[in-house]
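Dear colleague,

Please find below the structure that I am handing over to you. My findings follow directly after it.

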Amino acid sequence: MGGVVARPLAWLFELLLPPILGFGPADLRPIDHIAEVTAPLLMASGTDDHRTTITEAVAMFERGREPKSFWPVEGAGHVDFEGYAPDEYRSRVVSFLIEKLRQPH
């Protein structure tokens, strides 16, 4: 049933996106724009993510600028890394923020 409803809704979304928001579906591909990010990058990706595979996440990460850090969250899906690995999440995210926010701009 999901595919029966999802396909027409996706088509309608793609049709309405450009005139309403001023950009199209192709503009929503982060792999095409990540090289433009100038801030330090911490990318986390679940190894069991079926929306953005770990291979796709690594490819996107490789296009990012330094400084950057990649964290493959073993067994996690697409979201909720804190819920999946709370101690490591806090350690990695807090450490990253402390380190990068203390650097002079």
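Of the contacts in the chain with a separation of 6 or more, 54% are accounted for by residues 24 or more positions apart, where contact means heavy atoms within 4.5 Å. Please note that this is a predicted model, in which local features need pLDDT of at least 70 and side-chain atom pairs count only at pLDDT 80 or more, while totals for chains, interfaces and linings use all residues. Residues are numbered from 1 along each chain as its sequence is written, and side-chain values use heavy atoms, with hydrogens and water left out.

The chain contains 4 helices and 2 strands, taken as DSSP runs numbered from the N terminus (helices: H or I, at least four residues; strands: E, at least two). Along the sequence their pattern is α-β-α-β-α-α. The radius of gyration of the chain is 17 Å, well over the 13 Å that the globule rule gives for 105 residues, so the chain is more spread out than a compact globule. This radius is taken over C-alpha atoms, and the rule is 2.2 Å times the number of residues to the power 0.38. Along the principal axes, the C-alpha atoms fill a box of roughly 45 × 30 × 20 Å.

The accessible surface of the chain comes to about 7700 Å², and 60% of this belongs to carbon and sulfur atoms; areas come from the Shrake-Rupley method with a 1.4 Å probe, and for residues only the protein chains shown count as cover. Of the 105 residues, 19% count as buried (buried: under 20% relative accessible area; exposed: over 50%; partly exposed: in between; 1.4 Å probe, protein chains only).

A nonpolar surface patch is formed by Leu 9, Trp 11, Leu 12, Leu 15, Leu 16, Ile 20 and Leu 21, with about 730 Å² of accessible area together. Patches are made of residues with over 30% relative accessible area and no salt bridge, nonpolar side chains (Val, Leu, Ile, Met, Phe, Trp, Tyr) being joined within 5 Å and like charges within 9 Å; a salt bridge is a side-chain nitrogen of Lys or Arg within 4 Å of a carboxyl oxygen of Asp or Glu. Leu 15 lies in helix 1 (residues 2-21) and is partly exposed, at 48%.

Two loop residues deserve mention. Pro 67, between helix 2 (54-63) and strand 2 (68-73), is joined to Glu 66 by a cis peptide bond with omega of about -5 degrees. Asp 80, between strand 2 and helix 3 (81-84), has a positive phi near 65 degrees and is exposed, at 52%.

Lys 100, in helix 4 (residues 86-102), is buried, with a relative accessible area of 16%. Not counting residues up to four places away in sequence, Lys 100 touches Pro 40 and Pro 67.

Kind regards
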